[in-house]
Amino acid sequence: MAVLESLGSGKAKTVDRVYKGKDEILLSKLILEPQHSVLTQSYDCRLRTDTRRPHNGDGFGVGYYTHPTLGPEPCIFTSTIPAWNCINLERLASKTTSSLIFAHVRATTEGSVSESNCHPFRRGSLMWMHNGNIGGWKHVKRSLALSVDAAWFNGVQGSTDSEWAFALFLDVLQKSGHDPDANLPDGGFGHVALRNAILQTIKRINQLIAEIPAKHREDLDTRSLLNFAIADGHSVVCTRYVSSATDEAASLYFSSGTSWKEAGGKGNYKMERRDKGADIVLVASEPLTFER
């Protein structure tokens with residue numbers, strides 16, 4: 001797993017979770033059971049940038065990779081029901097295992113409350129999430145949409161800046177010589193290809209914002225918060241990025257070790273490290289536990 005830019009505290013907009021491990025775990029150990037689980041953070045988000053809206057109740061999504069015999073595509077489950085009120089999420093998470101999991105609870109910034117706007121997004125073997133926003137979006141959307149090839153333009157199902165950022169990433173990846181729709185090579189696209197494409201995606205977003213005419217810039221918030229996560233079933237790349245030189249990026253936390261398990265009481269999960277290895281990597285916009 002590659003993590004770009006510095007990780008650190010700050011504030012979150014929506015809540016993202018990424019698990020990548022050598023072995024499979026129950027989804028519930030990421031989504032339901034920890035004291036500050038994804039489910040809990042749907043109604044108790046402590047690091048939100050917008051304190052006027054303390055809840056992430058505009059839907060949720062879970063994505064995970066299954067056994068290779070079932071194909072390289074991730075399974076995606078999304079719903080507009082608040083995560084805290086979805087019994088099917090509890091049923092699914094308590095009986096499903098995976099070694100690579102994305103989880104997201106949503107608070108709308110762009111786009112309506114609909115399943116097509118819930119993260120994660122998928123194209124072939126690729127899975128994508130975004131915590132943040134593209135600055136000056138209403139003045140950028142048309143230019144971004146017209147800049148990508150027809151396959152990625154037509155693949156957009158919702159209306160969020162996050163999904164259009166994914167379309168832009170797919171366009172960048174294709175133009176770098178890695179076709180997202182081609183048969184996945186052994187070992188995936190590789191973290192280097194994903195890393196380069198995501199950096200170029202951020203660069204192109206900044207270029208589009210810079211091209212907004214001066215007459216539209218007065219009182220326009222052009223700051224972008226671009227905490228992206230991309231996976232191909234083998235590699236994962238995450239970013240923590242803000243386009244402003246003075247504002248802080250949305251929060252992102254990182255932990256690695258050899259086991260992720262409950263220790264010392266219900267919901268008290270800890271990352272343990274028995275040796276110098278890192279069989280498990282967790283990346284989260286808010287900690288799953290406040291124990292150290």
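This is a predicted model: local features need pLDDT of at least 70, side-chain atom pairs count only at pLDDT 80 or more; totals for chains, interfaces and linings use all residues.
A residue counts as buried when its relative accessible area is under 20%. Ala-145 has a relative accessibility of 8%, so Ala-145 is buried. The residue sits in helix α4. Leaving aside residues up to four places away in sequence, Ala-145 touches Phe-153 and Trp-164. Its C-alpha atom is 9.4 Å from that of Ala-165, which lies 20 residues away along the chain.

The mean pLDDT of the protein chain is 85, and 83% of the residues score at least 70. Among the elements, helix α5 (residues 150–155) has the highest mean, 98. Strand β1 (residues 2–4) has the lowest, 48. Residues 3–13 have a pLDDT below 50. Even so, the model gives this stretch 53 contacts beyond near neighbours in sequence.

Now turn to the interior. In soluble globular proteins, nonpolar side chains tend to be buried together. Here the largest nonpolar core holds 35 residues. Leu-126, Trp-128, Ile-134, Phe-169 and Ile-230 touch the most other members. Which elements supply at least two residues each? They are β7 (126–133), α4 (137–147), α6, α7 (191–210) and β8 (225–231). Helix α6 gives the most, with 9 residues.

Just after α6, Gly-177 takes a positive phi of about 100 degrees.

Not counting residues up to four places away in sequence, its contacts include Phe-102, Pro-120 and Phe-121. Trp-128 also touches Ser-162, Ala-165, Phe-166 and Phe-169. Further contacts are Ile-198, Phe-228, Ala-229 and Ile-230.

A pair of aromatic rings is described by the distance of the centres and the angle of the planes. The whole structure contains 6 aromatic pairs. Take Phe-60 and Phe-77. Their ring centres are 5.7 Å apart and their planes meet at 70 degrees, so the pair is edge-to-face. Phe-60 belongs to strand β3 (residues 60–64) and Phe-77 to strand β4 (residues 75–79), so the pair ties together parts that are 17 residues apart in sequence. Are these two residues buried or exposed? Phe-60 is buried, with a relative accessible area of 2%. Phe-77 has 23%, so Phe-77 is partly exposed.

The pair of Trp-128 and Phe-169 has another geometry. The ring centres are 5.3 Å apart and the planes are at 40 degrees, so this pair is tilted. Trp-128 lies in strand β7 and Phe-169 in helix α6, so the pair ties together parts that are 41 residues apart in sequence. Both Trp-128 and Phe-169 are buried. Ring pairs also link these two with Phe-166 and Phe-228 into a cluster.

Last come the cysteines. A disulfide is a covalent bond between the sulfur atoms of two cysteines. How many does a search of the whole structure find? The search finds 0 disulfides. Cys-118 is at 3% relative accessibility, so Cys-118 counts as buried. Cys-238 is buried as well, with a relative accessible area of 2%.

Technical notes
Residues are numbered from 1 along each chain as its sequence is written. Side-chain values use heavy atoms; hydrogens and water are left out. A disulfide is a pair of cysteine sulfur atoms within 2.5 Å. Buried means under 20% relative accessible area, exposed over 50%, partly exposed in between (1.4 Å probe, protein chains only). Helices (H or I, at least four residues) and strands (E, at least two) are DSSP runs, numbered from the N terminus. A nonpolar core is a set of buried Ala, Val, Leu, Ile, Met, Phe, Trp, Tyr and Cys residues joined through side-chain atoms within 4.5 Å. Contact means heavy atoms within 4.5 Å. Rings of Phe, Tyr and Trp (its six-membered ring) pair if their centres lie within 6.5 Å; planes under 30 degrees apart count as stacked, over 60 as edge-to-face and the rest as tilted. pLDDT is the predictor's confidence in each residue, from 0 to 100.
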